[in-house]
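Subject: Structure handover

Hello,

Here is the structure I promised to pass on. Please open it alongside this email.

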Amino acid sequence: MASPFQLPTVDYDFIHQQLKKSPNLESSLRIGYVTSYFKNGTSPLIKRASYIHHGKSNQVPFEKATALAYKFGFMNELLDWLRDNRQYVDGGISDMAKELSP
Amino acid sequence: MHDIKNISLYLSNDTIEESNKRSRDMKHSMATLEVTRNIHGKLVQVIISTPTWSKLTEDNFHLIQIPTFGIELFVEDGSDIDMAISDSIKALITATETAGLGKGFEQELKAFGWEIPQEEAKENQSDDISLEFNTNNELLFDLMHSSQPQELELQLA
């Protein structure tokens, strides 16, 4: 059983869908098991790149998901998705933690 | 989606003595890179020697960091780390060379802080372009020398 304090993971399909919708995305490129996303702008390409690795479960860790949401501007959608699919409320108490608390 | 299949990659099989010698030569620069192009300007071979780190995060993902290429990548399975490193560097090369993003591989690296070594600039004998990565950040510099450098040789058909 997962710890109630462990951060949730996010489905890759959701992240990919949001990134494709984002007006900040210049291009995406898949090589092997790594997909790279390039933000548009004038700074060096290396600074604008983000990489996602496709594992067996195809999940993106919370840290990476929020970083991408901040860069590409879909934080509201991500927080809504986490509330609906993972019962995670940012700054709130999860249902699992509520059960444990006296 | 672009998918390049004709890039083959293998780790160089140096003897221990050779790799020790090379790491001693690398004392003044943290990472080195050599680019070979054919007459038409097409990228043929890239030899990279760069330090890499991986650590296990709290949610059981492996975080790979390659500061010389600005790469941060989460990998689920520890056995995928080597493949993920080469795939992400390949992605960067393909984006700058084939997909037409940015201003070319060397130019993008120079913009990120890679430099032509001073000795090379004076002699300028070979056609191959070699670059090295330097930093003023002392903490990063110490870290770089404490790690085992990863050597990659990319052959682009």
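Below are notes on chain B, then on the aromatic pairs.

One caution: this is a predicted model.

Chain B first. It has 5 helices and 9 strands. From the N terminus, the order is β-α-β-β-β-β-β-α-α-β-α-β-α-β. Of the 157 residues in chain B, 41% are buried. Chain B exposes about 9,200 Å². Carbon and sulfur atoms supply 47% of that area. Now take the contacts in chain B between residues at least 6 apart in sequence: 55% of them join residues at least 24 apart.

Next, the aromatic rings. Over all chains, the structure holds 3 aromatic pairs. One of them joins Phe14(A) and Trp81(A). Their ring centres are 5.2 Å apart and their planes meet at 25°, so the pair is stacked. Planes under 30 degrees apart count as stacked. Phe14(A) sits in helix H1 (residues 12–21) of chain A, and Trp81(A) in helix H4 (residues 75–85) of chain A, so the pair ties together parts 67 residues apart in sequence. Are these two residues buried or exposed? Phe14(A) counts as buried, at 10% relative accessibility. Trp81(A) is buried too, with a relative accessible area of 12%.

Phe62(A) and Tyr88(A) form an edge-to-face pair. The distance is 5.4 Å centre to centre, with 70° between the planes. Phe62(A) belongs to helix H3 (residues 62–72) of chain A. Tyr88(A) lies in the loop between H4 and helix H5 (95–100) of chain A. The pair therefore ties together parts that are 26 residues apart in sequence. Both Phe62(A) and Tyr88(A) are buried.

Best wishes

Terms used:
Residues numbered from 1 in each chain as written. Chains lettered and ligands numbered in written order. Predicted model: local features only at pLDDT ≥ 70, side-chain atom pairs only at ≥ 80, totals over all residues. Heavy atoms only, no water. Helix = DSSP H or I, 4+ residues; strand = E, 2+ residues; numbered from the N terminus. Buried < 20%, exposed > 50% of the residue type's maximum accessible area, 1.4 Å probe, protein only. Contact = heavy atoms within 4.5 Å. Areas by Shrake-Rupley, 256 points an atom, 1.4 Å probe, with all protein chains shown as cover. Phe/Tyr/Trp six-rings, centres within 6.5 Å; stacked < 30°, edge-to-face > 60°.
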